[in-house]
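Keep the structure open beside you as you read.

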Amino acid sequence: MTTTSPTAPVLRTDYQRSVAAYWDTHQNDSVNLLLGEVDGIYHHHYGVGPYDPAVLQGPEATRDQRIIEELHRLESAQAELVLDHLGPLTPADHVLDAGSGRGGTSFMAHARFGCRVDGVSISQYQVDFATAQSTRRGTADQVRFHFRNMLDTGLATGSRKAVWTNETTMYVDLAEAFAEFARLLEFGGRYVCVTGCSNDVTGGRSQAVSRIDSHYTCNIHPRSAYFAALAANGLVPIDVIDLTEQAIPYWELRARSSVATGIEESFLTAYREGSFHYLLIAADRA
């Protein structure tokens, strides 16, 4: 599969440099690392679905480990939901994980479909971590990670059967990102997005959403902006799933764990008051 050099520097703006620095310096974040140690799949996103209340029972000495394992089950369930919506893929297909983090969803996609995966991230640390994982797994020729910007990947036009973003679009301009994804996708190819977005109906950005933005150095987009950018780039939504209610249990359980960071209450407040939605959008390249 042809790969060319990006036409611009990987880090284009002061904001992108600040985002890269944030993730490059969060190398020992206990949330992603402790959860990933459960089975060696390291994610950089949250979870969906009800948690098993039994994890809160039993011996106090092992209670936190039970919570860690359950949080990891919920985040892997979220990744499986992304894969469920990618459409039928084969080992001959090439796909893109845009904002690939430590590589968890990329490895799950390859394990399920046998497809070739390229992941891109503007964090050199994340790329190095995920590449080391791929070497350890013996998939280095099938699952590759690149220090590149999802706005200018350098991958060949029409070379991807599927592209996904898993909680990464809040770091980029949607019009630029979706234009690049549309360029990469073959006609009929699938784009899947899971994201948190502010609720236009409630008016301005809520205090809880603003706190989330500040905590993660991101720029959460309003819900309407996703559909406007998709339409402008020939990406036609075929499934839109509101996962907000399914996202709440993860945050409730995380707030009771040793990996709580203090941002849990902001997510819970934003979801419960309706100022923040958690969506899965699947769209086809028309």
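This is a predicted model: local features need pLDDT of at least 70, side-chain atom pairs count only at pLDDT 80 or more; totals for chains, interfaces and linings use all residues.

Residues are numbered from 1 along each chain as its sequence is written, and side-chain values use heavy atoms, with hydrogens and water left out. Helices (H or I, at least four residues) and strands (E, at least two) are DSSP runs, numbered from the N terminus.

**The sheet**

- Strands of a sheet pair through backbone hydrogen bonds, either parallel or antiparallel.
- Here, 7 strands make an open sheet with mixed pairing, in the order β3-β2-β1-β4-β5-β7-β6; two strands count as paired if DSSP finds at least two bridges between them.
- The edges belong to β3 (143-147) and β6 (235-242), and each has a single partner strand, so one side of each is left without a neighbour in the sheet.
- On average, neighbouring strands of this sheet are turned by 15 degrees against each other, direction ignored (axes are lines fitted to C-alpha atoms, for helices over the stretch in contact, and angles run from 0 to 180 degrees between N-to-C directions).

**Strand β5 and its surroundings**

- Strand β5 (residues 185-198) is mostly covered, with 11 of its 14 residues buried (buried means under 20% relative accessible area, exposed over 50%, partly exposed in between, using a 1.4 Å probe and protein chains only).
- Strand β4 (residues 160-166) runs parallel to β5, and 6 bridges join the two; A162 stands opposite R190 in β5.
- To get from β4 to β5, the chain passes through helix α6 (residues 174-184), and this β-α-β crossover is right-handed (with the strands pointing away from the viewer, the path from the first strand over the helix to the second runs clockwise).
- β5 also pairs with strand β7 (residues 276-285), in the antiparallel sense over 9 bridges, and there V192 stands opposite A282.
- β7 pairs with β6 too, again antiparallel, over 7 bridges; L235 stands opposite R285 in β7.

**Helix α4**

- In helix α4 (residues 104-113), 8 of the 10 residues are buried, among them F107, M108 and H110.
- What covers these buried residues includes α3, β1 (94-98), β2 (116-121), α5 (124-137), β3 and β4 (contact means heavy atoms within 4.5 Å).
- G114 follows α4 and has a positive phi, near 75 degrees.

**Aromatic rings**

- Rings of Phe, Tyr and Trp (its six-membered ring) pair if their centres lie within 6.5 Å; planes under 30 degrees apart count as stacked, over 60 as edge-to-face and the rest as tilted. By this rule the count comes to 20 aromatic pairs.
- Y46 and F267 are edge-to-face, because their ring centres are 5.3 Å apart and their planes are at 70 degrees.
- That pair links distant parts of the chain: Y46 is in the loop between α2 (30-36) and α3 (63-84), while F267 is in helix α10 (residues 264-273), 221 residues apart.
- F267 also pairs with Y271, tilted, at 6.2 Å centre to centre and 50 degrees between the planes. These two are 4 residues apart in helix α10, so about one helical turn separates them.
- Y46 and F267 are both buried, and so is Y271.
- One aromatic cluster takes in Y46, Y216, Y250, W251, F267, Y271, F276 and Y278.

**Charges over rings**

- R102 has its charged end over the ring of F129, 5.0 Å from the centre (the rule: NZ of Lys or CZ of Arg within 6 Å of the ring centre and within 35 degrees of the ring normal).
- R137 lies over the face of F107, at 4.9 Å from the ring centre.
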